[in-house]
Amino acid sequence: MSSVTTSNTSAAPKGLDGVVVASTAISHVFGNEGRLVYRGYDIGQLAGKTTFEEVCFLLWKGHLPNQVELDALRATMSAQRALPDAVLATIRAMPASADPMDNLRTGASAIGAALPISGTATFEQALALAARFPTIVAAFDRLRKGKEPVAPRADLGHAANYLYMLTGEIPPENHVKSLDTYLVLLADHSMNASTFTARVIASTESDICSAIVGGIGALKGPLHGGAPALVMDMLDAIGTADNIKPWIDQALDGHHKLMGFGHRVYKTTDPRAEILREMARQSSTPEFFALAHGTEEYALAELHRRKSDQKLYTNVEFYSAAVLSSVGLDRDLFPSTFAISRVAGWTAHVLEQMVGNRLIRPQSEYVGPLGLTFAPVSERA
Ligand code: ACO
């Protein structure tokens, strides 16, 4: 038996670090400058000034909507929030103990079957999916708490209606504003893992729903969208200001990663983290914010001291946790809420991928054995 490495091309860096896999006009991360741009607009221009619906239009269509376009989009989205009976039945069949991301992945897939969604991706299909994501998440959250789902209200915006469907009550204006800003901030982020996943699936000429279901699966992991609940767990474990130093020291001495820090592309502060920090300062209790901020400052100092070559900074997930908590969301709903936002970007990328599509099919470097001789099972040791 021989064992060789076969490759007729040079292997890309592990994790495709630094590899450009697509051209896109949707968004870009300027990692060294700490800039995020959606279709030409710096994120700071949009956050707090636009609604999620406006940003959906921007990502899907390439320009900010005028009033007529925005009114039409809002009307169409709000008219499509209700779930087909088959989808609601699927959610009702879910065990109450299910991870909300498993529910969202399954519910989104059921929408694809129920509507149905097939053929070449369209703007209408993108909208049909984005409109229903909050309803899937809220219906499951109600059912697992022993309550009936709350029907969507067409007179509320996307963020307000999501909160309304969770509680059955009209949410306070400051909660709506915080959540809407969060949804704007998270809507797209260049070639992140879940977007790449969605584009790979779309490139096979599969349907947009399949691509989005794949994106949900990729987002679920703690190295991507699963981090903010773990940030809250970390802050709970730290508990008090005098425990920040010993807790962080012990975690880093044990070679554990600190949730909410580090990023593949940003080598300086993530602009979304800066905006979310200020939102958290306004919306959290002073005690909680002091603990979070104290943890951030000490963690950054230690990460810079111990890993000075790595340029580790606060990422979007650290203060997402505080902001989503402050609007009343359970921490296990954070990743699904991230997906409620990111579905806008995923679907925009699928639509873009379909223009001049070419199958994404990279190669691998084979490092296994060669030349083995087959033996039937009866002759194997
Ligand atoms: N805490 C401690 N050390 C870290 C951290 C962290 N949060 N992030 C990176 N490092 C260190 C690694 O230990 C490694 O050090 P070493 O070279 O001495 O072994 C070095 O920095 C490089 O780390 P990688 O994991 O290779 O960096 P990569 O670019 O692959 O990872 C990632 C980026 C996954 C975000 C990473 O920083 C991480 O795991 N962070 C914690 C989880 C997290 O916050 N996830 C949310 C990401 S944001 C988002 O997806 C929306």
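# Domains, sheet and helix packing

Student: What distance separates the centres of domain 1 and domain 2, taken over C-alpha atoms?
Tutor: The domain bounds come from an automatic or database domain assignment. It gives domain 1 as 27–221 + 332–353 and domain 2 as 227–326. Taken over C-alpha atoms, the centres of the two are separated by 26 Å.

Student: On what basis are the residues and atoms of this model treated?
Tutor: Residues are numbered from 1 along each chain as its sequence is written, and side-chain values use heavy atoms, without hydrogens and water. The model is predicted, so local features need pLDDT of at least 70, totals for chains, interfaces and linings use all residues, and side-chain atom pairs count only at pLDDT 80 or more.

Student: How many residues of domain 2 are in contact with domain 1?
Tutor: Contact means heavy atoms within 4.5 Å. On the side of domain 1, 23 residues take part. On the side of domain 2 the number is 22.

Student: Which strands are the edges of the sheet?
Tutor: Strands (E, at least two residues) and helices (H or I, at least four) are DSSP runs numbered from the N terminus, and two strands pair if DSSP finds at least two bridges between them. Here 3 strands form an open, antiparallel sheet in the order β2-β3-β4. Each edge strand pairs on one side only, and these strands are β2 (27–30) and β4 (41–42).

Student: Which residue in the turn between β2 and β3 has a positive phi?
Tutor: β2 and β3 pair in the antiparallel sense over 4 bridges, with S27 opposite Y38 in β3. The two strands form a hairpin with 4 residues between them. The residue with a positive phi, about 70°, is G34.

Student: Which residue takes a positive phi in the hairpin of β3 and β4?
Tutor: β3 (residues 35–38) pairs with β4 in the antiparallel sense over 2 bridges. In β4, Y41 is the bridge partner of Y38, and D42 is that of V37. The hairpin has 2 residues between the strands, and a positive phi near 45° is taken by R39.

Student: How are α4 and α5 oriented to each other, and why?
Tutor: Axes are lines fitted to C-alpha atoms, for helices over the stretch in contact, and angles run from 0 to 180 degrees between N-to-C directions. Angles under 35 degrees count as roughly parallel, over 145 as roughly antiparallel, 65 to 115 as roughly perpendicular and the rest as oblique. The axes of α4 (residues 85–92) and α5 (residues 100–114) come within 9 Å and cross at roughly 155°. The two helices are therefore roughly antiparallel.

Student: How many charged residues are in the contact of α4 with α5?
Tutor: A86, V87, T90 and I91 of α4 meet N103, T106, G107, A110, I111 and A114 of α5. Ala, Val, Leu, Ile, Met, Phe, Trp, Tyr, Cys and Pro count as nonpolar, Asp, Glu, Lys and Arg as charged, and the others, Gly among them, as polar. The contact has 6 nonpolar residues and 4 polar ones, and the number of charged residues is none.

Student: How are α11 and α12 oriented to each other?
Tutor: α11 (residues 227–238) and α12 (residues 244–253) have axes 9 Å apart and pack at an angle of about 125°. M234, A237 and I238 in α11 meet I244, W247 and I248 in α12, a contact with 6 nonpolar, no polar and no charged residues. By their angle, α11 and α12 are therefore oblique.

Student: How many charged residues are in the contact of α15 with α16?
Tutor: The axes of α15 (residues 316–326) and α16 (residues 334–353) come within 11 Å and cross at roughly 100°, and the helices are therefore roughly perpendicular. E317, A321, L324 and S325 of α15 make the contact with F334, T337 and F338 of α16. By class there are 4 nonpolar residues and 2 polar ones, and the charged count is 1.

Student: Which peptide bond is cis, with omega near -15°?
Tutor: Most residues other than glycine have a negative phi, and most peptide bonds are trans. P116 is found in the loop between α5 and α6 (123–144). The cis bond runs from L115 to P116.
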